[in-house]
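Please keep the sequence and the structure in view while reading.

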Amino acid sequence: MSENAPTYQGPERVFSGIQPTGNVHLGNYLGAIKRFVAMQHDYECLYCMVDMHAITVFQDPAELARHTRELAAMFIASGLDPDKNILFNQSKVSGHAELAWIFNCVARMGWLNRMTQFKDKAGKHRENASVGLFAYPNLMAADILLYKATHVPIGDDQKQHLELSRDIAQKFNNDYGSLRPGAEHFFPLPEPLIGAEAARIRSLRDGTKKMSKSEISDMTRINLKDDDELIAKKFKKARTDAEPLPGELAGLKDRPEADNLVEIYATLADISKEQVLKDYAGQGFGAFKPALADLAVAQLGPIRNRFNELMTDTAAIDKVLEQGAARARTIADPIIKEVRDLVGFV
Ligand code: AQP
């Protein structure tokens, strides 16, 4: 039974977002978009191009606009139905910024100081990181709670941020909701939908790092818009070791690059890694890489072709996003109105 059931009475709703910070890649697809597509039949879903999160690290404005439209087109090309789901830009619904400010005043410095992603992203240059990057989890909490979303499909890397969202929801409920009878459970405590199937796809050049949009070398990732030849070339050049594939999972220990390619194959084929190893035990990468490339091309080719078609009419993409933002506002507006009231804004 849902943890929120005894307390929170609202509808079940899914929210998730992707940053338009670069080329959408296989990690985004297998770790997020493919799961969004599967979920669209079970929940009311909002999927957001989180452009306000993107600018926590400087983005060239023209590139940000291009990446936002491309991300929306990739969502649709991958199978998200824009009539069924709400697809929109975060910056088009002002409630995200408004609620994030309120949450800046609810969340504690100590909570944010514990966020490992800030430490990873800011690296050695913490003093130079933007305030937005530090406060990023508060904006993420606002994204989710502005719609009273109950479920958030996330990768393992976002688990800590979602826990913070729950802490913020709980503290808001305690601080403000408890002052008004009936509002003690104003915000739901959003639950992660991580799922066993949440793939963790790593760089093709270094199996210890995640595949990422902002990694400089394009050879580290398969972009969803790469053509068939480039996909095959990137897998061919992917770093591996000289050993053949083992028959069992234990044989992948300390072989992060081999493990990554097996994980990609398994997730694309919707089979277990054990099954992949059963099928390819004893074979070298000379045989496995072309098989993996064929599988990827067969799945990604139709998505890319549809994406290319959609990108010939960016006005239509803008229209989908406009309509999505209008639908998002109809959910958010009454919630933010109640928040203002609870906080005492007159
Ligand atoms: N390598 C990955 N494997 C599995 N899932 C992944 N995701 C990202 N990379 C992988 C999932 O994609 C969703 C959107 O991520 P995001 O764009 O909001 O931010 P991110 O996780 O920081 O993604 P990138 O590609 O690494 O972007 P940059 O380089 O801009 O930071 C999330 O659900 C994430 O789990």
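A salt bridge is a side-chain nitrogen of Lys or Arg within 4 Å of a carboxyl oxygen of Asp or Glu. By this rule, lysine 34 and aspartate 270 form a salt bridge through their side chains, at 3.5 Å from N to O. The two partners belong to distant parts of the chain, 236 residues apart: lysine 34 is in helix H1, and aspartate 270 is in the loop between helix H10 (256-269) and helix H11 (273-280). Helices here are DSSP runs (H or I) of at least four residues, numbered from the N terminus. Aspartate 270 counts as exposed because its relative accessibility is 61%; exposed means over 50% relative accessible area, buried under 20%, and partly exposed in between, with a 1.4 Å probe and protein chains only.

The model is predicted, and local features need pLDDT of at least 70, side-chain atom pairs count only at pLDDT 80 or more, and totals for chains, interfaces and linings use all residues. Residues are numbered from 1 along each chain as its sequence is written, and side-chain values use heavy atoms, with hydrogens and water left out.

How is the protein divided? Domain 1 covers 13-194 + 313-343, and domain 2 covers 218-309; these bounds come from an automatic or database domain assignment. Their C-alpha centres are 31 Å apart. Contact, meaning heavy atoms within 4.5 Å, involves 14 residues of domain 1 and 17 residues of domain 2.

The size of an interface is often given as the accessible area lost when the parts come together. Between domain 1 and domain 2 the buried area is about 1,400 Å², and carbon and sulfur atoms give 69% of this area. Buried area is the accessible area (1.4 Å probe) that two parts lose on being put together, summed over both.

Two salt bridges are counted between the domains. Lysine 225 and glutamate 70 also meet in a salt bridge, at 3.1 Å from N to O. On the side of domain 1 that touches domain 2, helix H1 (26-39) and helix H3 (61-77) are the elements that give two or more residues. H3 gives the most, with five residues.

Beyond its neighbours within four places in sequence, arginine 304 is in contact with residues including Lys225, Asp228 and Ile231.

The structure as a whole holds 22 salt bridges. One of them joins the side chains of aspartate 241 and arginine 255, at 2.7 Å from N to O. Aspartate 241 is partly exposed, with a relative accessible area of 27%, whereas arginine 255 is buried at 10%. Glutamate 263 and lysine 273 form a further salt bridge, at 3.8 Å from N to O. Because glutamate 263 lies in helix H10 and lysine 273 in helix H11, this pair ties together parts that are 10 residues apart in sequence. Finally, salt bridges with shared partners join Glu63, Arg66, Glu70 and Lys225 into one network.
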